Amino acid sequence: MALSHLASSSPSRSANLLKPLSSAISLRRPISTDTTPITVETSVPFTAHQCEAPSRTVQTNAKELATFFRDMVVMRRMEIAADSLYKAKLIRGFCHLYDGQEAVAVGMEAALTKKDCIITSYRDHCTFVARGGTLLEVFAELMGRQAGCSKGKGGSMHFYKKDSNFYGGHGIVGAQVPLGCGLAFAQKYCKDEAVTFALYGDGAANQGQLFEALNISALWDLPAILVCENNHYGMGTAEWRAAKSPAYYKRGDYAPGLKVDGMDALAVKQACAFAKEHALKNGPIILEMDTYRYHGHSMSDPGSTYRTRDEITGVRQERDPIERIRKLILSHDLSTDKELKDIEKEVRKEVDDAIAQAKENPVPEPSELFSDVYAKGLGVESFGADRKEVRATLA
Amino acid sequence: MAAIFQGVGAAATLSSSPSNSFVPKKFLTSPRRSFCVRKVPSSVVVRSDGSVNFDLNSKSRRAQQLVANAVATKADSSAASSSSNPGHELLLFEALREGLEEEMERDPCVCVMGEDVGHYGGSYKVTKDLAKKFGDLRVLDTPIAENSFTGMGIGAAMTGLRPVVEGMNMGFLLLAFNQISNNCGMLHYTSGGQFTIPIVIRGPGGVGRQLGAEHSQRLESYFQSIPGIQMVACSTPYNAKGLMKAAIRSENPVILFEHVLLYNLKERIPDEDYICNLEEAEMVRPGEHVTILTYSRMRYHVMQAAKTLVNKGYDPEVIDIRSLKPFDLYTIGNSVKKTHRVVIVEECMRTGGIGASLTAAITENFNDYLDAPIMCLSSQDVPTPYAGTLEEWTVVQPAQIVTAVEQLCQ
């Protein structure tokens, strides 16, 4: 086959593909530029609460599928690499991995613009990358280096990217949902015509502040979409042991809800597009993404004491998001198995390069301890007794 | 545009340097007595060309007036100020409202959220008529859900809006402690400086008249450790308006502590636009013998005690610290260097209160200047009882302040 790949050296998401050498040899257009529409059905139909479910039929194209595939492979590889780095004690503290749930991040991103806001919990590495974060920023932040997205001062649970409206990155379960409704409030206040997706897990779904925020959002007609990433376990507690009603999409009561197969990136995309349209007109809506995480809750949790290994391998075999897209690409003859494997190899190298670069990056300067405590404004300084000696400037 | 700053002998330029970093040379070298006189709330008018005028007349005489009218239910300085500085008279809650209204007019990003702030006009009337003027999207009635609406205010602030979140009583904000501590205080730091949180969280707190234990809390002692926030406490209509405006304009999250019993204080305030420096303490009464540090309602108990002390021949220096986080160690330090004795009078409980931190800060920084250990008078470490007599014994009373000063000055 005459297709060859040209990977850019910087850890960017999309690879540049050279045009085929001769169209006489290959009748297939390069996958990453082909936008002829392809119609696919989602794995399962949507289940709706207080609204009409969107259609099962999703429009996509080869370019989008290629992007999905590559992005998810990057995320998967990144999370696995983070696992190894954690075990090598280069990443410390808490590290919550997202592998298995990649479809939610890529599907959502495909339905949104950068004007829409996303806010999520501590399982934020992949969502950050989906919003445009680079691998170097991820690994540097995880290892506490200067080049990290939060200058090394946030850590795994505090990734933010203001210029693409990614609001983090929050350690306290459920606390990001009122923040997310506040973002939606600001969008309505400033007439942005954009929406906010506030993501939380099945564990956080039992937090009171969620219902408070949903109530206020519904009262004030805010363009807020609450997305429950239901991976069925709140750390070690299965959903049926934590929630009397695990139908999280119905828990909004007066707010409409939609249950989505979170392992199917196209279903996620369809649902998010539907939700965005709904929220701009009618106020808040809840999306429940039925998804699964392969790792434990965090690196300190083996993930096998509260579920069987068979369950994990079962899901991996039947519902893995990357495999689904791979099968879709192959069955529609958009690429060959070898090409996809080449993409995986290339991504692996990209991730390794980013890690190497991050390892070289220096740790933050000592002065960074006191910077960004306050915003520069009225100059909060902590003086010595006679004001001649500045003890610390809380910049 | 000329701005009047509440100066403590410090003049500020309108450039970006902090306003308390520049002290004109003449104040440093002048003899102490006249320095003290100037330290009395003198209006410092800084014109846009950088030249500075000092208005010394009326306000300096207010110091003497305050001693006479120590329990200032109607702090009437109108006689002195009306001739040269007309201004207008209003109550403290009206001053807060004026400040809020002016800032809302000035900046469309300012909005107010809280329970009953809109149609009801605010439970203490601080937001009265604002909803009629600015509409329901700028003055928002929230359900009783402090955790979430404080979180929403912080989320909105992350995008650049300037919400003013009202806790109907400061004690209710305990339900929002997570949002205030982790999100409000820390997001600027954990995002590496990407987000600023220009939010103002305000509300009345402190011990009222038999409101019961849960409605008499002093949250400043719980919030003081949170890194990244600033805390100020207002005590007069003048500084209430000034601090409200400064807090709204600040890029940092500011918690403005008001007091339930001070809302009906009356004072004459200037007509012109002015703000009070958030990090500065206020010299209420200059003196020589002892430094009394206080804030909020206890200022009035102190002034009442000061009246007795003056009659007994003492000369207390009274400073309203106003800035609870960070402390204005400059003003406090200069005072300690002068008097060598410190009494702190606060409404917080003894354990872990503002007084405890202030005692530590002064001891750490000015130990050499102290002739005697610092006396910290605080409320008792008990839930505030309902019965009137018991409640009186919980908080510091003027008689106790007099006794403490007499003891200290032996």
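## Exercises on a predicted two-chain model

In chain A, residues 24 or more positions apart account for 72% of the contacts with a separation of 6 or more. The model is predicted, and the exercises below work through its chains, selected residues and interface.

**Exercise 1. Describe the make-up of chain A and of chain B.**

Step 1. The secondary structure of chain A consists of 11 helices and 14 strands. Of its 395 residues, 58% are buried.

Step 2. Chain B contains 16 helices and 18 strands. Of the 410 residues in chain B, 63% are buried.

Step 3. For contacts in chain B between residues at least 6 apart in sequence, 80% join residues at least 24 apart.

**Exercise 2. Locate Thr291(A) and state which residues surround it.**

Step 1. Thr291(A) sits in the loop that runs between β12 (285–290) and α9 (309–319) of chain A.

Step 2. With a relative accessible area of 0%, Thr291(A) is buried.

Step 3. Beyond four places in sequence, the contacts of Thr291(A) include Gly100(A), Gln101(A), Val104(A), Glu229(A), Asn230(A) and His232(A). Gly262(A) and Met263(A) are also among them.

Step 4. From Thr291(A) to Lys114(A) the C-alpha distance is 24 Å, and the two residues are 177 apart in sequence.

**Exercise 3. Compare the span of helix α11 of chain A with the expected value, and list its buried residues.**

Step 1. Helix α11 of chain A comprises residues 337–360, 24 residues in total.

Step 2. From first C-alpha to last, the helix reaches 35 Å, close to the 34 Å expected at 1.5 Å a residue.

Step 3. The buried residues of α11(A) are Glu339(A), Leu340(A), Ile343(A), Glu346(A), Val347(A), Glu350(A), Val351(A), Ala354(A), Ile355(A) and Ala358(A).

Step 4. For reading such a list, an α-helix has 3.6 residues a turn, so residues three or four places apart point the same way.

**Exercise 4. Characterise the interface of chain A and chain B.**

Step 1. At the interface, 48 residues of chain A are in contact with 54 residues of chain B.

Step 2. The two chains bury about 4400 Å² between them, with 64% of it on carbon and sulfur atoms.

Step 3. Zero salt bridges are counted between chain A and chain B, whereas 15 residue pairs are in polar contact across the interface.

Step 4. On the chain A side, α5 (176–189) and α6 (208–220) each supply at least two residues. The largest share, nine residues, comes from α5(A).

Step 5. By class, the side of chain A that touches chain B has 26 nonpolar, nine polar and 13 charged residues.

Terms used. Residues are numbered from 1 along each chain as its sequence is written. Chains are lettered from A and ligands numbered from 1 in the order in which they are written. This is a predicted model: local features need pLDDT of at least 70, side-chain atom pairs count only at pLDDT 80 or more; totals for chains, interfaces and linings use all residues. Side-chain values use heavy atoms; hydrogens and water are left out. Contact means heavy atoms within 4.5 Å. Buried area is the accessible area (1.4 Å probe) that two parts lose on being put together, summed over both. A salt bridge is a side-chain nitrogen of Lys or Arg within 4 Å of a carboxyl oxygen of Asp or Glu. A polar contact is a pair of N or O atoms within 3.5 Å; within protein, one must be able to donate a hydrogen and the other to accept it, and residues adjacent in sequence count only if both atoms are side-chain atoms. Helices (H or I, at least four residues) and strands (E, at least two) are DSSP runs, numbered from the N terminus. Ala, Val, Leu, Ile, Met, Phe, Trp, Tyr, Cys and Pro count as nonpolar, Asp, Glu, Lys and Arg as charged, and the others, Gly among them, as polar. The expected span of a helix is 1.5 Å times one less than its number of residues. Buried means under 20% relative accessible area, exposed over 50%, partly exposed in between (1.4 Å probe, protein chains only).
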